[in-house]
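Trainee: Let's go through this model together. I'd like to start with its surface charge.

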Amino acid sequence: MSTETGRVGEWSLFGHSLRRVVLYSILVGMGVFYLIPIETGIMTSIINPASYTGSFPYLPPLEPLVPGTGTLSLEPWQGAIDGLGQGLVNSVILVVPATIFSGLLGSMAAFGLTTISWRGQIGIYILFVAGIFIPYQAVLVPLTQFWYNVVPLQAVFAPLATLPFVQEYHWKLVALIITHTAYGLPICTLLFRAHYKKLSDEMVEAAQLDGASVSTIYRRIILPLSIPMFAVVFIYQFTQIWNDLLFALTIVQFGDAAVVTQDLVGIGVSQSGTNFPLRMAAALLAALPTLLVYIFFGDKFAKGVAA
Amino acid sequence: MRNPLTVLKRRLSEHREVRTDGGTTSAGSILDRDSVRSAPFWLPPFLLIGLFIYGAIAWNIVLSLTDFQGLGTPDYSALDFENYVVAFFGGTPSWSELTVSPIWNSAWNTVVLMVSFSVVCLALGLVLAILVDQEIRFENTFRTIYLLPMSLSFVVTAKFWLYMYNVETGLVNLFLGAVGVGPIEIVQNPDLKLAAVAFALIWQFSGYAMIVYLAGLRAIPTSHFEAARVDGASTVRMYWRVIIPQLRTATVSALVVLTVFSLKAFDFLFSMYGGYQPGPSADILATRMVREAYSNGNWAYGSAIAVILFIMALAIVTPYIYSQYKRGEL
Amino acid sequence: MAELTLDGVTKVFTEDDGNEIVAVDDVSVDIEDGEFLVLVGPSGCGKSTTLRMVAGLETVTDGEISLAGRRINESPPAERDIAMVFQSYALYPHMTVAQNMSFGLEESTELDDDEISELVDDTAAMMGIEELVDRKPADLSGGQQQRVALGRAIVRDPEAFLMDEPLSNLDAKLRATMRTELQRLQEDLGVTTIYVTHDQTEAMTMGDRIAILDDGVLQQVGTPLECYHTPNNRFVAGFIGDPSMNFFEMEVDGERLVSDRFTYPLTADQADAVGEARGVTLGIRPEDIGIDPDGNADSPHEFDMHVDVVEPRGDENTIHLTFEAGLDEPETFTATVSGLRQLQAGDSVVATFPPEAIHLFDADTEQALHNRSLDIPEATEQIV
């Protein structure tokens with residue numbers, strides 16, 4: 001690996017080694033490549049749609065200082081909030097419990113399949129791991145059949161609709177929560193298992209000798225030691241479930257229970273053409289929760305995806 | 001004066017006797033009992049995935065053998081392989097009056113997308129990882145920026161790139177105009193749309209490949225870099241001969257994950273094309289399956305395509321899981 | 001406190017491919033109430049497996065383990081009333097020292113919080129760790145963690161202590177200190193203890209008795225000096241003592257032992273002990289070999305030697321010797337001499353193998369035929 005200071009025999013340019021200059025140019029160039037679509041989106045999202053020309057989508061709206069850039073307006077964001085409001089609420093109702101359930105159950109499964117070791121557990125575990133790689137298309141039709149024709153969830157839910165904050169269409173979100181919990185379990189189990197394998201066997205044995213039962217070992221030893229991993233898992237699951245479209249499309253299908261990704265697909269298109277400022281504002285609004293999570297907990301997100 | 005510790009110790013032993021005498025010990029090995037005692041932890045999650053993943057897959061296979069179409073419920077009394085015959089050879093199935101085209105076009109597109117997307121992602125990710133690994137300043141900032149698109153939804157990515165590719169106002173065409181080309185219709189251009197999809201997906205996921213490779217690079221002991229230096233290898237030769245061969249595990253695991261991502265690219269295409277119709281030159285099996293089932297109501301036929309997609313995923317994943325198992329890394 | 005009995009204890013592991021591996025083979029040993037037994041052997045000999053069976057962390061394939069006369073084969077670890085100290089200490093990293101020590105009491109007794117904290121405080125004071133009770137394990141040194149691990153075992157006042165190489169992660173100096181302290185502690189508490197180690201020095205210095213295990217089979221149980229002076233077989237003779245005993249493969253020729261290097265006459269007693277055996281292994285400890293740099297090999301027990309290497313250890317030197325007669329195919333053995341003696345590599349010396357110091361083992365069965373005689377007072381004293 002090269003070091004910060006130039007090595008003997010390297011060409012130099014204004015005191016910096018040419019090698020470093022090229023290196024940083026490429027790194028910055030790639031940074032621009034990854035950021036420019038988002039930057040363009042942000043700039044466009046604060047242009048008054050009436051003044052939008054599209055000539056300089058990457059510049060902030062500076063009219064009348066710079067002609068052709070449009071005038072500043074929060075109207076697109078207002079439109080995005082109006083258009084996606086219901087979807088955002090539904091997504092929150094979906095994501096919070098689904099993330100918590102899949103994380104908790106994943107931790108429990110990993111504990112039962114790792115910390116407590118027994119013959120044959122690897123076979124069960126392989127079924128968990130394989131679940132990560134299943135293309136969801138392979139289960140869509142049965143899932144639709146299951147939630148619409150086999151389980152009378154809608155009928156069960158109808159009487160509850162009289163309760164405050166409960167709507168009849170929430171049954172679709174419940175179905176989606178359960179589905180996402182089940183499909184999030186494999187990756188959560190994998191992440192927790194990787195963590196639990198690193199914990200000392202002797203520590204668990206010491207707890208057994210100390211008189212702790214299996215559930216006590218989980219509650220008092222493993223769970224407190226899992227907190228860093230819960231952060232990783234929750235962030236990963238939050239992003240995955242928030243970003244999903246396919247399950248929502250096939251289980252919610254349409255109507256009041258539509259989540260934010262569904263609402264986003266059709267926004268900003270009308271007979272008169274595409275309203276790009278509105279569309280960009282909506283895309284950014286829908287991405288905002290995951291972007292914020294990523295910006296604040298990026299290292300944990302990286303840990304989750306790298307596993 | 002009595003020593004309080006002695007008193008406590010006596011109480012301790014009294015309590016314990018109650019315990020030990022009351023404790024029933026069952027015969028049989030502790031190993032066997034561990035699977036049972038841990039069952040409250042692993043069994044409920046296992047049942048959940050057993051029902052929702054493996055039960056659903058089995059059900060899907062059965063559904064693919066029926067003639068289930070349109071509204072109503074499937075009829076399981078007459079099972080046959082007609083849907084697979086139609087999938088491979090086309091024709092007019094018994095459950096429809098229309099001719100149904102075979103899946104070859106979308107299967108071919110799936111493979112092209114999968115291969116081009118994965119290979120470019122890996123190559124770009126490897127280069128970025130090597131560059132980031134040069135003890136640079138602001139390493140965290142660069143890493144964060146490169147991985148940022150990964151946190152976005154397919155739907156959001158599609159919206160951004162739809163804008164980037166736009167004929168009149170898109171940045172891509174502004175750039176092309178600046179170098180004297182275009183403007184070019186990209187999103188609806190049959191010759192370019194699959195490449196456009198692949199490019200946007202590469203933008204989103206190459207950061208992932210970088211993270212995996214970077215972890216792989218960091219796992220190689222510094223002494224290997226130093227030994228190659230001492231042996232007089234140039235930087236390029238050092239990476240080519242010494243370092244990259246050691247990244248095989250990272251490559252395989254990144255490849256498997258990227259391939260599976262590309263099989264799931266449905267969300268992106270659905271959002272980019274505002275519905276089930278990406279058009280023949282960008283149609284992949286994932287979109288074809290959902291369109292047949294949820295747009296055309298050809299449920300059983302959709303299930304059959306899903307089975308084919310599932311088998312493709314299985315063909316990629318099974319050797320991977322098996323090799324992981326053999327190396328004891330599960 | 002109670003006696004612990006292992007009767008024909010056997011452990012067979014079945015591998016994934018169906019192969020069976022006998023890790024512990026028919027081990028029987030009685031450990032008296034309050035006794036300190038060291039279980040020693042090379043790595044992989046089954047000593048840890050034996051300990052884990054006593055703890056209840058491994059099932060017993062065959063035989064019986066009983067504590068205070070009660071069979072405990074099937075009891076789960078929690079019900080055995082045993083405390084264990086692990087090589088890695090196995091402290092709970094998220095708990096403070098006090099919480100680490102009280103965990104076992106909370107889980108296996110019905111003492112209330114005040115009683116538990118009183119016991120923990122007293123034990124911490126006894127272990128000299130009362131200053132550390134609010135710290136977490138990561139903030140402690142290795143030696144402090146070791147004390148906490150011991151304290152956690154002691155606070156539960158168990159019937160027996162099991163210790164699995166508890167000192168092996170400490171540096172040499174601290175290890176020597178802890179060895180003494182552990183011994184003193186065990187004597188004070190009087191708790192029956194099994195101590196597993198691969199280090200024969202720990203075995204020699206710490207145990208009331210030592211049990212030597214090789215390849216799953218118990219080789220000898222006895223006091224350290226019994227094992228040192230009267231080993232049952234060649235394995236024990238070679239394992240106990242540092243540097244190891246020297247062995248020479250010899251043929252029996254009447255009342256003499258013959259090899260292509262040298263000939264060694266036997267006493268009448270030794271010849272009787274050899275009996276009908278044809279091949280015999282002659283063993284002699286390095287410290288029993290006499291070295292004279294100036295003398296001549298006059299007696300039949302004296303031999304001309306060539307000094308190959310001298311390893312100074314300060315108090316004594318370990319010298320590697322070869323027979324002058326076999327320089328073309330050197331076979332080295334070791335002798336220890338006082339550190340003050342000046343010897344150089346390449347010197348020629350005369351070595352004495354005193355007849356009272358030799359051990360004889362059957363070359364086929366490796367069982368001891370004759371052990372050194374202990375009726376020479378100064379020899380015994382020197383070793384003690």
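Trainee: Which residues form a negative surface patch?

Mentor: This is a predicted model: local features need pLDDT of at least 70, side-chain atom pairs count only at pLDDT 80 or more, and totals for chains, interfaces and linings use all residues. Residues are numbered from 1 along each chain as its sequence is written, chains are lettered from A and ligands numbered from 1 in the order in which they are written, and side-chain values use heavy atoms, without hydrogens and water. The negative patch is formed by C:E3, C:D7, C:D25, C:D26, C:D30, C:E32, C:D33, C:D62, C:E187, C:D208 and C:D215.

Trainee: Which element gives the largest share of the negative patch?

Mentor: Strands are DSSP runs (E, at least two residues), numbered from the N terminus. The largest share is 3 residues, and these come from residues 20-31 of chain C, strand β2.

Trainee: Is C:D25 buried, partly exposed or exposed?

Mentor: C:D25 lies in strand β2 of chain C. Buried means under 20% relative accessible area, exposed over 50%, and partly exposed in between (1.4 Å probe, protein chains only). At a relative accessible area of 36%, C:D25 is partly exposed.

Trainee: How far apart are the centres of the positive and negative side chains in chain C?

Mentor: Lys and Arg count as positive, Asp and Glu as negative. Chain C has 24 positive and 78 negative side chains. The centres of the two sets are separated by 4 Å.

Methods. Patch = residues over 30% accessible without salt bridge, like charges linked within 9 Å, V, L, I, M, F, W, Y side chains within 5 Å. Areas by Shrake-Rupley, 256 points an atom, 1.4 Å probe, with all protein chains shown as cover. Salt bridge = Lys/Arg side-chain N within 4 Å of Asp/Glu carboxyl O. Charge placed at Lys NZ, Arg CZ, Asp CG, Glu CD. Helix = DSSP H or I, 4+ residues; strand = E, 2+ residues; numbered from the N terminus.
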